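Thanks for coming. Please have the display open while I talk.

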Amino acid sequence: MSKTKKTTKAASNLDRRDFCQKMLAASVLTAGGIGLPFGTAQAQSRTIGNATITSFSDGTMSIPVNMLFDADANPEIKPLLDQSGMASGTANRPLNITLVDQGDRRILFDAGSGPNFLPGLGELPSELDAAGIELDSITDVVFTHAHPDHIWGVIDDFDEIAMTEARFYMPRQEWDYWDSDDALADMPAGREAFAVGAKTRFDALRDQIELIDYNQEIIPGIEVVDSRGHTPGHAAFTIHTGATPVMVVGDALTHESISFQHPDVINNSDMDGDMAIASRLRLLDRLVADQMMLIGYHLPAPGFGRVERQGQRYRYIQG
Ligand SMILES: [Zn+2]
């Protein structure tokens, strides 16, 4: 990046920051003059050892339930869909983005949707700003996979990388898939933008992405966990910063009851349903065996929870 470009970029960031702060001030006034201290804008934190782990909201995604589950083929899940507020046929799912803050290192897991995917999304930058976290203070961005709601937010509305000082990491299989011609050819009608949008972000990241392998420690205390199936190179990550290990599960576990009580039911958003089921069962086993906390990207906000074994099945305990 040339010096001139960097200066322009810094200026535009300042302009936007100023704009965002004005917008925030306006919304605070509308709310009756009550300030928004850290933690009230849905962001919630846990301190684990030497890290503060915070879940930030990128917004809520509204999609047809049948994009996620086939209740006709799996009648046993029908009451669970209804209990989770999906009886109307619409699923409102949050986007929970994890930030691990170790003082000298701020590691973000996924980058959110940005402004161009679906309405109601792309809130991550303003949520971080409200918490006093500048995008240029993010040192590392780790991607679980390359779906729009996880990667599109890595570039801003000027098509430039939003986290200007960060290093970026993606599972090698995930990168290779979306970077190949197969991705566009594989997309069902209506989802072509998934492939095109991933490629646009890859082009921005190409010179600086670090391709990572499963079972490796990519950053001290951060291990890559094979959870392929949702996408060809999906990864979960375990975080070891204190006595309680935490797993960022991405989209391997997406529904608070179905993913746990019926992990063997195909999820229509998984690109390889059988592989995703095998991954889901493997993660559930490990979460129980290692008594881990988990953070789910689409589990009810803020997405923190634990898992218990319940006979042949599992139970999600939110909190
Ligand atoms: Zn997702």
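Before I go on, the basis. This is a predicted model, in which local features need pLDDT of at least 70, side-chain atom pairs count only at pLDDT 80 or more, and totals for chains, interfaces and linings use all residues. Residues are numbered from 1 along each chain as its sequence is written, and side-chain values use heavy atoms, with hydrogens and water left out.

Now some terms. Helices (H or I, at least four residues) and strands (E, at least two) are DSSP runs, numbered from the N terminus. Contact means heavy atoms within 4.5 Å. Buried is under 20% relative accessible area, exposed is over 50%, and partly exposed is in between, with a 1.4 Å probe and protein chains only.

Back to α5. Helix α5 covers residues 172-179, and its buried residues are Glu174, Trp175, Tyr177 and Trp178. They line one face of the helix, because seen down the axis of α5 they fall within an arc of 165 degrees; the arc is that of the directions from the helix axis to the C-beta atoms. In the loop between α5 and α6 we find Asp181. With a relative accessible area of 66%, Asp181 is exposed. Its C-alpha atom is separated by 9.1 Å from that of Ala195, 14 residues apart along the chain.

For the overall picture, the protein has nine helices and 14 strands. Of its 319 residues, 50% are buried. Taking contacts between residues at least 6 apart in sequence, 67% join residues at least 24 apart.

Next, the metal. Which residues coordinate the zinc ion? They are Asp149 (OD), His150 (NE2), Asp251 (OD) and His298 (NE2), at 2.1 to 2.2 Å. Donors here are N, O and S atoms within 2.8 Å of the metal (3.2 Å for Na, K and Ca), and since water is not among the atoms, sites may look incomplete. Along the chain the donors of the zinc ion follow the spacing D-H-x100-D-x46-H. Asp149 lies in helix α4 (residues 148-151) and Asp251 in the loop between β11 (246-250) and α8 (258-261), so the pair ties together parts that are 102 residues apart in sequence. Both Asp149 and Asp251 are buried.

Why is the arrangement around the zinc ion irregular? The four donor atoms subtend angles of 86 to 166 degrees, which makes it so. As for the cut-offs, four donors count as tetrahedral if all angles lie between 85 and 135 degrees; four count as square planar and six as octahedral if opposite donors are over 155 degrees apart and all others between 65 and 115; anything else is irregular.

On a 1 Å grid over the protein atoms alone, a cavity is a set of points where a 1.4 Å probe fits but cannot get out, and a pocket is an open set with protein on both sides within 12 Å along at least five of seven lines; lining residues have an atom within 4 Å of a point. Grid points are joined across faces, edges and corners, and a volume is the space filled by probe spheres set on the points.

The second largest pocket has a volume of about 340 Å³. It is lined by 21 residues, of which Met61, Ile63, Met67, Leu68 and Ser269 lie nearest its centre. The elements giving two or more residues to that lining are β2 (51-64) and α4. Ser269 is found in the loop between α8 and α9 (273-289), and it is buried at a relative accessible area of 15%. Leaving aside residues up to four places away in sequence, Ser269 touches Met67, Leu68, His147 and His230.

There are two cavities of 30 Å³ or more.

Last, some backbone details. A cis peptide bond joins Ala301 and Pro302, with omega about 5 degrees. Asp110 is not a glycine but has a positive phi of about 75 degrees, and counts as buried at 1% relative accessibility. Asp159 also has a positive phi, near 60 degrees, and with a relative accessible area of 54% Asp159 is exposed.
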